[in-house]
Amino acid sequence: METPVREARHPDPTSTCHEATNTTVHSSCQGNTNTCSDATEVPARGASSHPSATTPHLPHTPVKAKSASPVSKLHPRQREIRRASEAPDAMGKPAKPSSAATPPAPPKTVHSPLLTYASMLSLLSLCPPFVILLWYTMVHADGSVVRTYQHLRDHGLLEGLRSLWPMPTVAAGKIILGFAFFEAALQLLLPGKRFEGPVSPSGNVPVYKANGLQAYAVTLATYLSLWWFGIFNPAIVYDHLGEIYSALVFGSFVFCILLYIKGHVAPSSSDSGSSGNAIIDFYWGMELYPRIGKHFDIKVFTNCRFGMMSWAVLAVTYCIKQYEMNGRVADSMLVNTALMLIYITKFYWWESGYWCTMDIAHDRAGFYICWGCLVWVPSIYTSPGMYLVNHPVNLGPQLALSILLAGILCIYINYDCDRQRQEFRRTNGKCSVWGKAPSKIVASYQTTNGETKTSLLLTSGWWGLTRHFHYVPEILSAFFWTVPALFDHFLPYFYVIFLTILLLDRAKRDDDRCSSKYGKYWKTYCNKVPYRVIPGIY
């Protein structure tokens with residue numbers, strides 16, 4: 001039987017500065033893209049699926065295993081490395097001891113501690129009610145932020161929020177649990193190729209079963225078949241949407257508490273630990289690769305199987321609901337749904353690449369990434385389609401086709417950025433980029449175990465235009481599946497604005513991470529590729 005996480009017996013594979021691109025998780029999930037995603041770094045903040053402008057980059061102290069020897073009078077970073085080397089891996093074998101006499105210093109925080117804590121506390125308190133307010137505005141306030149504001153002003157903030165907040169119902173619970181168990185079963189039972197993720201900071205290599213594309217096809221086929229044969233009406237999901245979001249808000253919070261407890265009492269591997277601060281541990285997570293048993297990866301479930309899959313299912317749901325309401329589906333809804341499904345198909349086609357990104361290889365499983373994928377993705381990412389249900393727009397064949405083709409082109413460019421980087425990494429730079437030998441920088445860096453390794457930094461093709469050019473088609477894709485709503489209301493564009501802020505901030509944080517990792521080689525890279533996101537502008 002293959003083990004889900006094994007000790008690394010080989011050097012870290014050659015990485016590029018463009019190790020991880022698109023999502024999600026974006027993120028999330030969508031938008032979860034990073035450019036310096038080598039899994040030998042400390043798993044600190046990454047990027048995921050709900051908004052944040054901070055990255056604490058705080059070192060985690062691994063939970064002491066029973067067999068660990070006492071550690072004292074050591075730098076926190078040294079204690080982390082020593083304990084990680086003594087803790088058993090998922091196979092019950094001790095990880096290889098560190099070969100370093102003096103480990104590298106802990107990475108610096110990207111933002112100030114005050115901003116970091118303010119961001120965490122504000123997101124913990126503001127994201128849940130925002131999800132409900134967005135649903136209410138889209139479905140019951142005609143998409144008008146002004147009407148929702150007037151409701152809160154007339155009734156008072158707390159009473160107004162309480163009056164519009166739907167309580168979770170049994171029907172909502174059945175829909176959520178039915179979907180969750182179905183996706184969990186597909187994750188476990190469908191066949192797929194074995195895929196090894198990047199080496200972790202503690203020397204473990206996570207093992208996955210790459211069956212996301214199969215799960216995606218089975219999910220959509222099953223959902224549409226249930227509707228076509230009259231077994232289940234997807235419009236019911238829309239009718240209970242507020243109750244579903246409410247149940248997800250509370251249920252996912254409980255889920256994150258359980259993850260926090262699991263990280264303390266039963267971590268799945270040596271890639272786990274505490275920062276010493278309960279709020280940070282809950283928010284950023286305790287474990288890098290939490291699993292149930294040997295083969296059920298929790299982050300793959302929350303990010304890929306529940307979050308991204310619910311995005312696709314809800315996109316189809318909104319389309320069917322509009323059809324039942326009006327007897328037809330407007331071309332604006334068709335363009336919106338088609339582009340979202342094409343984007344999500346691209347995600348599952350590339351899912352194994354996503355497992356090498358910051359979301360999976362660096363971010364621990366906490367409120368930030370897991371609550372975001374379980375709640376933020378199904379609500380915020382799907383919001384343009386949610387708006388169009390009650391606001392059908394007739395674009396006309398020419399405009400609809402133009403938007404569709406422009407969106408497909410952006411999705412393809414986003415995919416080609418990923419493909420180009422992956423091919424460069426797979427061939428160790430011995431490939432063709434736009435018909436020429438790739439331009440590259442050979443950079444060395446030191447791992448958390450003190451080993452010196454080499455990476456190749458791609459400086460041609462898409463990656464020669466800017467250091468994060470892939471964010472441009474990412475944002476434009478979101479714009480093109482939103483613009484069919486036209487411009488009567490601001491709220492459908494919240495996701496585009498959120499994504500733009502998220503990715504621009506992430507570009508800065510990725511640069512900071514790479515600068516810390518590669519030092520003088522990164523300065524050389526920035527001199528060769530001077531712009532961060534937009535060629536000639538930024």
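Trainee: Why is Thr482 called buried?

Mentor: Buried means under 20% relative accessible area, exposed over 50%, and partly exposed in between, using a 1.4 Å probe and protein chains only. Thr482 has a relative accessible area of 0%, so Thr482 counts as buried. Bear in mind that this is a predicted model, where local features need pLDDT of at least 70, side-chain atom pairs count only at pLDDT 80 or more, and totals for chains, interfaces and linings use all residues. Residues are numbered from 1 along each chain as its sequence is written, and side-chain values use heavy atoms, with hydrogens and water left out.

Trainee: Which residues does Thr482 touch, not counting those up to four places away in sequence?

Mentor: Pro384, Pro492, Tyr493 and Val496. Contact here means heavy atoms within 4.5 Å.

Trainee: What makes Arg419 and Asp416 a salt bridge?

Mentor: The rule asks for a side-chain nitrogen of Lys or Arg within 4 Å of a carboxyl oxygen of Asp or Glu. For Arg419 and Asp416 the closest N and O atoms are 2.7 Å apart, so the pair qualifies.

Trainee: Is Asp416 buried or exposed?

Mentor: Buried, because its relative accessible area is 7%. Arg419, at 35%, is partly exposed.

Trainee: And why is Arg426 called exposed?

Mentor: Its relative accessible area is 62%, so Arg426 passes the cut-off for exposed. Glu423, its salt-bridge partner at 2.8 Å, comes out at 26% and so counts as partly exposed.

Trainee: How many salt bridges does the rule give?

Mentor: The count comes to 13.
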